[in-house]
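Me: I am new to this structure. Please show it to me, and then let us go through it step by step.

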Amino acid sequence: MVTLILGRAGTGKTALVMDRIRELGKNGTQSILIVPEQYSHDAERQLCESCGEGVSLYAEVLSFSRLSNRVFAETGGLARRTLDAGGRVLVMNAALTALASRLKAYHPGRRRAELIRGLLHTYDELKTSGAAPEELRTAGEKAGGVFGDKLSDLADIFGAYEALIPDGAADPGDRLAELTNKIEKAAQLTGKHVFLDGFTDFTGQEAEIVDRLVSRGNDVTVCLNCDGLNGDEPAFALPRRTAARLLRTAAETGAKTEILNRAPTDGKKREELRFAERVLLTRGEETFEGACESIRLFRETSKSRECALAAAEAVRLVREKGCR
């Protein structure tokens, strides 16, 4: 079963997830709540508040990286060495040196250190999206010209980088790719209901992991912050595409689907905030009429001063208003 809980921020999606985890626990069903890494502590706090002290007996909060550790501990790979930042720089430098005579667009020069940092960042982006060197090479051949040369160079560099990683070691970006291959063998996930909350969308690697969870027969519930499958607001285009992908996966695997649309509960939200949420990313020329007490605009002379102002305001709200 694939369940999609769709709704804007503040419509009670997370509260519904907590209620379902608690009810499943009463019936003896184990649950896993997967959230972004930076949200894990807050999610654990909310889970304990909603489900009580005994929640650890039937539910736990994980990120994708922590899930990989659990699976590797069962299926093997947890003790595998991972390159640190310095090791990655050395391996990328070796790859550039080996290919120096063949590269057309990325020939290393005096700015070699800057080039290596940029290549590692690009490698991480492509790895996260699930793009392989062979796909870059094919795209480069189709594109041709300078852009095609860049894609072909990237394919060669990344292929050499992966080939030069020492035996028994791995790049940090390989963890989720390896999890994708091993997750179907993880007996500890059998029979567990998997909830995913706090994501706007999923990277290529994360989406593949969710697909594998569905295909192995787990019940999967995903919360997405959007205005429904048939909405038209540009701000929610990405989560709508994510929802559509999940429904396609369910159809391909024969899983049943359930779609829950959470209606806005605007009782606590001021009118000006609802207006800003609706028009902020559109090109319309609507004007808000009325008192605007919840939104203030500031202009500063630099980004650093903007950040300092925002930080000072956050501290003030914590100290004086008790905000989190």
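Me: In which helix does Asp156 lie?
Reply: Keep in mind that this is a predicted model. The helices are numbered from the N terminus. Asp156 lies in helix α7.

Me: Is Asp156 buried or exposed?
Reply: The relative accessibility of Asp156 is 18%. The cut-off for buried is under 20%. Asp156 therefore counts as buried.

Me: Which residues is Asp156 in contact with, leaving aside its neighbours within four places in sequence?
Reply: Contact here means heavy atoms within 4.5 Å. With its neighbours within four places in sequence left aside, Asp156 touches Leu99, Arg102 and Arg137.

Me: Which residues of α7 meet α4, and how many residues of the contact are nonpolar?
Reply: From α4 come Arg88, Val91, Met92, Ala94, Ala95, Leu96 and Leu99. They meet Asp156, Ile157, Phe158, Ala160, Tyr161 and Leu164 in α7. By class, the contact of α4 with α7 has no polar residues, 2 charged and 11 nonpolar.

Me: Is α8 roughly parallel or roughly antiparallel to α9?
Reply: Helix α8 spans residues 174–182, and helix α9 spans residues 204–215. Their axes come within 9 Å and cross at roughly 15 degrees. Angles under 35 degrees count as roughly parallel. So α8 is, relative to α9, roughly parallel.

Me: Which residues make the contact of α8 with α9, and how many are charged?
Reply: α8 gives Leu176, Ala177, Leu179, Thr180 and Asn181. α9 gives Gln205, Glu206, Glu208, Ile209 and Arg212. By class, the contact has 4 nonpolar residues, 3 polar and 3 charged.

Me: How many helices and strands does the protein chain have, and what percentage of its residues is buried?
Reply: The protein chain has 12 helices and 8 strands. It holds 324 residues. Of these, the buried share is 37%.

Technical notes:
Residues numbered from 1 in each chain as written. Predicted model: local features only at pLDDT ≥ 70, side-chain atom pairs only at ≥ 80, totals over all residues. Heavy atoms only, no water. Helix = DSSP H or I, 4+ residues; strand = E, 2+ residues; numbered from the N terminus. Nonpolar A, V, L, I, M, F, W, Y, C, P; charged D, E, K, R; others polar. Axes fitted to C-alpha atoms, helices over the stretch in contact; angles between N-to-C directions. Parallel < 35°, antiparallel > 145°, perpendicular 65-115°, else oblique. Buried < 20%, exposed > 50% of the residue type's maximum accessible area, 1.4 Å probe, protein only.
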